[in-house]
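Subject: Structure handover

Hello,

Here is the structure for you to look over. My notes follow below it.

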Amino acid sequence: MASRRASFPLYLYITLLSVALVVASGEMLRWYGDLIPGAGEFVVLVVAAAVVALLVSRRIVAPLEQLAREAEAVRNFDFSDHPVIQSQITEIGELGRAFDQMRDTVRRFLRINRRIAVETDFDALRPWLLDRLVDIADARGGALYLVDQTSDALRVAALDLEGGKAKPAPELPSLDPQAMPALMTAAREGMQRLGGRLSEEELRALGIDPAFASMDVLVLPLRDRRDFLLGMLLLFKAEAIDAASASFIEALAASAATSVETQELLRAQKAMVEATIRMVADAIDTKSPYTGGHCTRVPELTFMLARAACDASEGPFATYALDAEQWEALQIAGWLHDCGKVTTPEHVVDKATKLETIYNRIHEIRTRFEVLKRDAEVEYWKALAQGGEECTLRRRRDALLAELDADFAFVAECNLGGEFLSPAHRQRLQQIGERRWLRTLDDGLGLSRDEAERKPGPAPALPVEERLLADRPEHRIARPQREYLAPDNRWGFAMEVPELLYDHGELHNLCISRGTLTGEERYKINQHIVNTIVMLDALPLPRHLRRVPEIAGGHHEKLDGTGYPRRLDRSQLSMESRMMAIADIFEALTAGDRPYKPGKTLSQALSIMARMCQEQHIDPELFELFLRSGIYRAYALRYLHPEQMDPIRIDDYL
């Protein structure tokens, strides 16, 4: 590191120089004419000269010291206003004014760049930026054009035709670059002054007042990092622009181009994310023809409830509000609230009967009944051939056939799962299952590897009698180790995991008390919310979207802490999660496209939800808003069948 030389204030140099000049002058005077009478007078003269030189030098140096202090402030990025430096020395005064202009220029440049860097609303930024550029260039007006990303045509983005009052662009047709070769050449070649002025026809095509035809035009291209044209800026001036202002405007145009490119990239990225989200939601709905539209209707209903809460001016939601970033988080969470269903097997989501897996296994059981009926016919003819009494044999056969028909009809009815299955019905199923039928073919042939591994061995000798309805070992599918939830899992899931992945036992399924799902299948469906949270948590979400997994993953929780998958209570649930819970429940209750149940009427659905409020399952304040704002009615008019829309008296449910 180089050493610094010792330095002295400028005023000392000036004083010493003045004294030296006085001494030299005195010696010269002595030499030529003995004009100074004595040494005493000479000393007085030297001292007086030193004092005068010191005072004069201090007046000269003071503005320079002030300039040094302000230069230090600028070095520390302090661009606050200071008094303009005044000096009787012409050069120092000009230096002070130049420094003040430099500070003001840098300050304006930084302020504009800061606004360009932090502004997220590019539609608001464009007229503001044009206004600043028109002001800096001391122009009479200006226009900002951007290249359309799809057609490469130029579209007006902002106009300032009133001198410092820029406005968003009006609806004007896009410009064909081929129609204005001179203008496009200027845009391609960089900032320049056009040799001729634009004609009135060209100005009209640009959407600019023809009165500007009398002014020169400055053209500034806006280019991205790959030197592609993003747009152009036009500034109309009555006189030539000075070099300093031109450099400043070029620098700002470069910053504006960077901002345009960044905003376009952000818009494209956001559009791609939204399209991907919609694609996932549509894929889930398309995967199941019976639940198609669920991933569309639930977010829409959630947004309706959120808007009603934001619009409330009194009551519990008077202070509730969502900014743009919070709305974005809610929208993404709404569209992806069931993204985990992509992992749920279709035959579980759409299980319309108790025996359904990939197909409805009632057909297998029907075949066994058919075998028993054929056996009854065969036994009848065998006994008749052996001399049995025909009338007795026929009555016995017909009674057995009728019993088999009745038993199968009962089994088929139980398979539908429409009504609660009583203990008496379960007992009858067990009795029917005790019937035996004769199997003569090896049931180990034609099996997949997994099926073969589940079958116990060794195989019994054929023929073998089997139960008519059976829960066999191969019906029990073990749960993989990865399917279990560790008690200390990072997401806080607190769900009881069944021992088996699936249990396809025939009696096990037919004896389901309500609905069509076994405990294992119900867990598999509920597991979609676990997968939703895990999938969303794995996304590299920006800071303002970090709550998306929590919002999307909380719509199956209950205020009393008995929901799933994390057993969160009211204090742990966000308002948006509670909104989505109401939307999800109302959509599920009223949906008319489920294979296992018809859509409920408005009164039935609202009665159930009112009871859920009393049981602290859903938020009663949000439910009241849902009713009093008329959201339920607006939704019903759009999505429900006319027969579901019975009369509603709101106070009956509050």
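Which backbone oxygen lies 3.2 Å from a polar atom of the side chain of K354? The backbone oxygen of L510 does. That is a polar contact (a pair of N or O atoms within 3.5 Å; within protein, one must be able to donate a hydrogen and the other to accept it, and residues adjacent in sequence count only if both atoms are side-chain atoms).

First, the ground rules. This is a predicted model: local features need pLDDT of at least 70, side-chain atom pairs count only at pLDDT 80 or more, and totals for chains, interfaces and linings use all residues. Residues are numbered from 1 along each chain as its sequence is written, and side-chain values use heavy atoms, with hydrogens and water left out.

**K354**
K354 sits in the loop between α10 (346-349) and α11 (362-385). Helices are DSSP runs of H or I, at least four residues, numbered from the N terminus. K354 is buried but has no salt bridge. Its nearest side chain of opposite charge, E413, is 9.5 Å away. Lys and Arg count as positive, Asp and Glu as negative; His and the chain ends are not counted. Buried means under 20% relative accessible area, exposed over 50%, partly exposed in between (1.4 Å probe, protein chains only). A salt bridge is a side-chain nitrogen of Lys or Arg within 4 Å of a carboxyl oxygen of Asp or Glu. Residues that K354 touches (heavy atoms within 4.5 Å) include C414, N509 and L510.

**Cysteines**
The whole structure has 0 disulfides (cysteine sulfur atoms within 2.5 Å). C414 is buried, at 5% relative accessible area. Its sulfur is 7.9 Å from the closest cysteine sulfur, in C511, too far for a bond.

**Salt bridges**
A search of the whole structure finds 35. R578 and D619 form one, at 2.8 Å from N to O. This pair links distant parts of the chain: R578 is in helix α18, D619 in the loop between α19 and α20, 41 residues apart. Both R578 and D619 are buried. R570 and E621 form another, at 3.9 Å. R570 lies in the loop between α17 (548-552) and α18 and E621 in helix α20, so the pair ties together parts 51 residues apart in sequence. A network of salt bridges links R439, D443, K455, E466, R472 and E474.

**Helix α19**
The buried residues of α19 pack against α18 (575-590), α20 (620-628) and α21 (631-639). Among them are L602, L606 and M609. Just after α19, Q616 takes a positive phi of about 60 degrees.

Best wishes

Notes: Helix = DSSP H or I, 4+ residues; strand = E, 2+ residues; numbered from the N terminus. Lists of a residue's contacts leave out its neighbours within four places in sequence.
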